[in-house]
Amino acid sequence: MKHCPICNRSSEEARFYGEFCEFCAGKKLKSKLPGDVSVEQCKDCGRIKVLGAFMPETKGGMELLLARVFRPYSIRLIHSSNGIARILVTDEKQGGLSLEHNVHLKVSKTLCDMDAKKRSSYYEAVVQFRGDAEKVARAAASLERYLEKNGAFVTKIEQKEHGVDVFASDKKVALSFISVRHMKWKGSFELHGEKRGKRLYRNTYFITL
Ligand SMILES: [Zn+2]
Ligand SMILES: [Zn+2]
(Lines give C-alpha, C1' and ligand atoms only; values in the text may rest on other atoms or scores of the structure.)
(Ligands and ions follow the chains in the order given, each with its own letter.)
Protein backbone atom coordinates (compact mmCIF):
# COMPACT_ATOMS: atom_id res chain seq x y z
CA MET A 1 0.00 0.00 0.00
CA LYS A 2 1.21 3.48 -0.96
CA HIS A 3 0.58 6.81 0.72
CA CYS A 4 0.57 10.10 -1.14
CA PRO A 5 3.43 12.28 0.20
CA ILE A 6 1.26 15.41 -0.21
CA CYS A 7 -2.17 14.50 1.18
CA ASN A 8 -1.47 11.14 2.79
CA ARG A 9 -4.31 9.40 0.91
CA SER A 10 -3.67 5.69 0.56
CA SER A 11 -3.69 3.63 -2.60
CA GLU A 12 -6.91 2.07 -1.33
CA GLU A 13 -8.66 5.44 -1.39
CA ALA A 14 -7.40 6.76 -4.68
CA ARG A 15 -5.67 5.84 -7.91
CA PHE A 16 -1.99 6.58 -7.99
CA TYR A 17 0.10 8.10 -10.73
CA GLY A 18 3.70 7.51 -9.79
CA GLU A 19 4.15 8.38 -6.13
CA PHE A 20 1.18 10.77 -5.97
CA CYS A 21 -2.56 10.17 -5.67
CA GLU A 22 -4.77 11.12 -8.62
CA PHE A 23 -5.88 14.36 -6.94
CA CYS A 24 -2.40 15.63 -6.16
CA ALA A 25 -0.99 14.40 -9.47
CA GLY A 26 -3.84 16.25 -11.21
CA LYS A 27 -3.11 19.46 -9.30
CA LYS A 28 0.58 19.20 -10.15
CA LEU A 29 -0.21 18.71 -13.81
CA LYS A 30 -2.72 21.58 -13.79
CA SER A 31 -0.14 23.96 -12.34
CA LYS A 32 2.18 23.28 -15.27
CA LEU A 33 -0.41 24.04 -17.95
CA PRO A 34 -0.56 27.45 -19.62
CA GLY A 35 -3.77 29.40 -19.09
CA ASP A 36 -3.37 31.62 -22.13
CA VAL A 37 -2.53 30.76 -25.69
CA SER A 38 -1.76 33.34 -28.36
CA VAL A 39 -3.57 32.90 -31.63
CA GLU A 40 -2.70 34.88 -34.72
CA GLN A 41 -5.71 35.32 -36.94
CA CYS A 42 -5.92 36.93 -40.36
CA LYS A 43 -8.36 39.82 -40.18
CA ASP A 44 -9.42 39.35 -43.79
CA CYS A 45 -9.95 35.60 -44.22
CA GLY A 46 -10.21 34.53 -40.58
CA ARG A 47 -7.64 31.76 -40.93
CA ILE A 48 -5.35 31.06 -37.97
CA LYS A 49 -1.60 30.60 -38.00
CA VAL A 50 -0.49 27.08 -37.14
CA LEU A 51 3.12 25.92 -37.49
CA GLY A 52 3.97 28.92 -39.62
CA ALA A 53 1.11 28.52 -42.09
CA PHE A 54 -2.43 29.82 -42.13
CA MET A 55 -5.27 27.32 -42.00
CA PRO A 56 -9.03 27.49 -41.48
CA GLU A 57 -10.24 27.99 -37.92
CA THR A 58 -11.70 24.50 -37.69
CA LYS A 59 -11.63 22.16 -34.73
CA GLY A 60 -8.72 20.33 -36.37
CA GLY A 61 -6.77 23.53 -36.97
CA MET A 62 -7.27 24.76 -33.42
CA GLU A 63 -6.37 21.34 -32.01
CA LEU A 64 -3.12 21.35 -33.95
CA LEU A 65 -2.22 24.79 -32.63
CA LEU A 66 -3.00 23.83 -29.03
CA ALA A 67 -1.23 20.47 -29.33
CA ARG A 68 1.98 22.30 -30.09
CA VAL A 69 1.63 24.61 -27.10
CA PHE A 70 0.78 21.79 -24.70
CA ARG A 71 3.62 19.47 -25.64
CA PRO A 72 4.71 17.04 -24.19
CA TYR A 73 1.12 16.37 -23.13
CA SER A 74 -1.43 15.23 -25.64
CA ILE A 75 -4.66 17.14 -25.96
CA ARG A 76 -8.10 16.90 -27.43
CA LEU A 77 -10.29 19.95 -28.03
CA ILE A 78 -13.68 19.50 -26.39
CA HIS A 79 -15.14 22.78 -27.58
CA SER A 80 -14.24 26.40 -27.99
CA SER A 81 -16.34 29.53 -27.95
CA ASN A 82 -16.05 33.19 -26.95
CA GLY A 83 -12.27 33.01 -26.76
CA ILE A 84 -12.15 30.04 -24.40
CA ALA A 85 -11.15 26.55 -25.44
CA ARG A 86 -11.94 23.59 -23.23
CA ILE A 87 -9.47 20.78 -23.73
CA LEU A 88 -8.74 17.34 -22.37
CA VAL A 89 -5.07 17.10 -21.42
CA THR A 90 -3.42 13.70 -21.04
CA ASP A 91 0.00 13.00 -19.63
CA GLU A 92 0.96 9.75 -21.32
CA LYS A 93 4.17 9.49 -19.31
CA GLN A 94 2.13 9.47 -16.09
CA GLY A 95 0.07 6.45 -17.01
CA GLY A 96 -2.53 8.45 -18.90
CA LEU A 97 -3.38 10.94 -16.16
CA SER A 98 -5.87 13.30 -17.75
CA LEU A 99 -7.92 16.35 -16.85
CA GLU A 100 -10.07 19.03 -18.43
CA HIS A 101 -8.62 22.50 -18.72
CA ASN A 102 -9.79 25.91 -19.93
CA VAL A 103 -7.51 27.98 -22.13
CA HIS A 104 -7.98 31.65 -22.91
CA LEU A 105 -7.34 32.26 -26.57
CA LYS A 106 -5.59 35.59 -26.94
CA VAL A 107 -6.34 36.49 -30.51
CA SER A 108 -4.21 39.03 -32.29
CA LYS A 109 -5.29 40.17 -35.71
CA THR A 110 -2.81 40.01 -38.51
CA LEU A 111 -2.78 39.52 -42.27
CA CYS A 112 -1.90 36.27 -43.99
CA ASP A 113 0.56 36.51 -46.88
CA MET A 114 -2.19 36.11 -49.44
CA ASP A 115 -4.30 38.92 -48.03
CA ALA A 116 -1.30 41.15 -47.43
CA LYS A 117 -0.56 40.78 -51.12
CA LYS A 118 -4.15 41.46 -52.04
CA ARG A 119 -4.23 44.55 -49.93
CA SER A 120 -0.99 45.89 -51.29
CA SER A 121 -2.16 45.87 -54.87
CA TYR A 122 -5.92 45.86 -55.02
CA TYR A 123 -7.92 49.04 -55.34
CA GLU A 124 -11.03 50.25 -57.15
CA ALA A 125 -10.90 53.92 -56.40
CA VAL A 126 -8.42 56.67 -55.74
CA VAL A 127 -9.67 59.54 -53.63
CA GLN A 128 -7.48 62.56 -54.13
CA PHE A 129 -7.79 65.04 -51.29
CA ARG A 130 -6.20 68.40 -51.96
CA GLY A 131 -6.00 71.62 -49.96
CA ASP A 132 -5.26 72.57 -46.37
CA ALA A 133 -2.85 69.95 -44.95
CA GLU A 134 -4.73 69.46 -41.68
CA LYS A 135 -8.11 69.06 -43.38
CA VAL A 136 -6.58 66.64 -45.86
CA ALA A 137 -5.09 64.51 -43.07
CA ARG A 138 -8.39 64.45 -41.18
CA ALA A 139 -10.38 63.54 -44.29
CA ALA A 140 -7.96 60.73 -45.20
CA ALA A 141 -8.10 59.30 -41.68
CA SER A 142 -11.87 59.39 -41.54
CA LEU A 143 -12.17 57.85 -45.02
CA GLU A 144 -9.94 55.02 -43.81
CA ARG A 145 -12.13 54.46 -40.75
CA TYR A 146 -15.26 54.58 -42.90
CA LEU A 147 -13.89 52.02 -45.34
CA GLU A 148 -12.90 49.60 -42.58
CA LYS A 149 -16.24 49.98 -40.83
CA ASN A 150 -17.92 49.01 -44.08
CA GLY A 151 -15.86 45.95 -44.89
CA ALA A 152 -13.40 47.69 -47.22
CA PHE A 153 -9.83 48.84 -46.70
CA VAL A 154 -7.15 51.28 -47.73
CA THR A 155 -4.56 49.73 -50.03
CA LYS A 156 -2.14 52.59 -49.67
CA ILE A 157 -1.92 56.32 -49.11
CA GLU A 158 0.41 58.39 -51.25
CA GLN A 159 1.62 61.79 -50.19
CA LYS A 160 1.33 64.33 -52.99
CA GLU A 161 2.53 67.88 -53.20
CA HIS A 162 -0.80 69.44 -52.22
CA GLY A 163 -2.48 66.54 -50.49
CA VAL A 164 -2.82 62.78 -50.48
CA ASP A 165 -4.14 60.02 -52.72
CA VAL A 166 -6.08 57.36 -50.84
CA PHE A 167 -6.35 54.04 -52.67
CA ALA A 168 -9.59 52.35 -51.65
CA SER A 169 -10.51 48.71 -52.14
CA ASP A 170 -14.18 49.45 -52.79
CA LYS A 171 -15.42 52.27 -54.98
CA LYS A 172 -19.03 52.07 -53.77
CA VAL A 173 -17.97 52.55 -50.17
CA ALA A 174 -15.57 55.33 -51.17
CA LEU A 175 -18.34 57.15 -53.04
CA SER A 176 -20.75 56.63 -50.16
CA PHE A 177 -18.25 58.35 -47.83
CA ILE A 178 -18.01 61.29 -50.23
CA SER A 179 -21.80 61.67 -50.42
CA VAL A 180 -22.34 61.29 -46.68
CA ARG A 181 -19.80 64.07 -46.11
CA HIS A 182 -21.36 66.22 -48.87
CA MET A 183 -18.00 66.64 -50.52
CA LYS A 184 -17.87 68.13 -53.98
CA TRP A 185 -15.92 65.97 -56.35
CA LYS A 186 -14.74 65.69 -59.91
CA GLY A 187 -14.28 62.23 -61.22
CA SER A 188 -12.59 60.25 -63.90
CA PHE A 189 -13.10 56.63 -64.74
CA GLU A 190 -10.39 54.47 -66.16
CA LEU A 191 -11.07 51.10 -67.71
CA HIS A 192 -8.66 48.61 -66.22
CA GLY A 193 -9.98 45.24 -67.22
CA GLU A 194 -12.89 42.97 -67.71
CA LYS A 195 -14.41 40.34 -65.48
CA ARG A 196 -16.96 37.89 -66.88
CA GLY A 197 -17.81 40.23 -69.71
CA LYS A 198 -18.26 43.20 -67.38
CA ARG A 199 -16.03 46.19 -67.79
CA LEU A 200 -14.15 47.16 -64.68
CA TYR A 201 -13.36 50.76 -63.97
CA ARG A 202 -11.07 52.37 -61.50
CA ASN A 203 -12.57 55.57 -60.36
CA THR A 204 -10.66 58.67 -59.35
CA TYR A 205 -12.39 61.26 -57.20
CA PHE A 206 -10.74 64.64 -56.96
CA ILE A 207 -11.80 66.64 -53.93
CA THR A 208 -10.64 70.07 -52.88
CA LEU A 209 -11.07 70.73 -49.18
ZN1 LIG B 1 -2.40 13.26 -2.72
ZN1 LIG C 1 -6.06 35.97 -44.87
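In what order do the 5 strands of the open sheet run? The order is S10-S11-S9-S13-S12, and the pairing is mixed. Strands here are DSSP E runs of at least two residues and helices are H or I runs of at least four, numbered from the N terminus; two strands pair if DSSP finds at least two bridges between them.

Before going on, the background. This is a predicted model, where local features need pLDDT of at least 70, side-chain atom pairs count only at pLDDT 80 or more, and totals for chains, interfaces and linings use all residues. Residues are numbered from 1 along each chain as its sequence is written, with chains lettered from A and ligands numbered from 1 in the order in which they are written.

S10 runs antiparallel to S11 (residues 163–168), joined by 6 bridges. Gln-159 has Val-164 in S11 as its bridge partner.

Now helix H4, residues 133–149. Val-136, Ala-139, Leu-143 and Leu-147 of H4 are buried, meaning 20 or more other C-beta atoms lie within 10 Å of their own, with C-beta atoms placed from the backbone. These residues cover an arc of only 70 degrees around the axis, taken from the directions from the helix axis to the C-beta atoms, which puts them on the same side of H4. The buried residues of H4 pack against S9, S10, S11 and H5, where contact means C-beta atoms, placed from the backbone, within 7 Å. Just after H4, Gly-151 takes a positive phi of about 75 degrees.

How values were computed: The expected span of a helix is 1.5 Å times one less than its number of residues. A residue is buried if 20 or more other C-beta atoms lie within 10 Å of its own, exposed if 12 or fewer, and partly exposed in between; C-beta atoms are placed from the backbone. Two residues are in contact if their C-beta atoms, placed from the backbone, lie within 7 Å.
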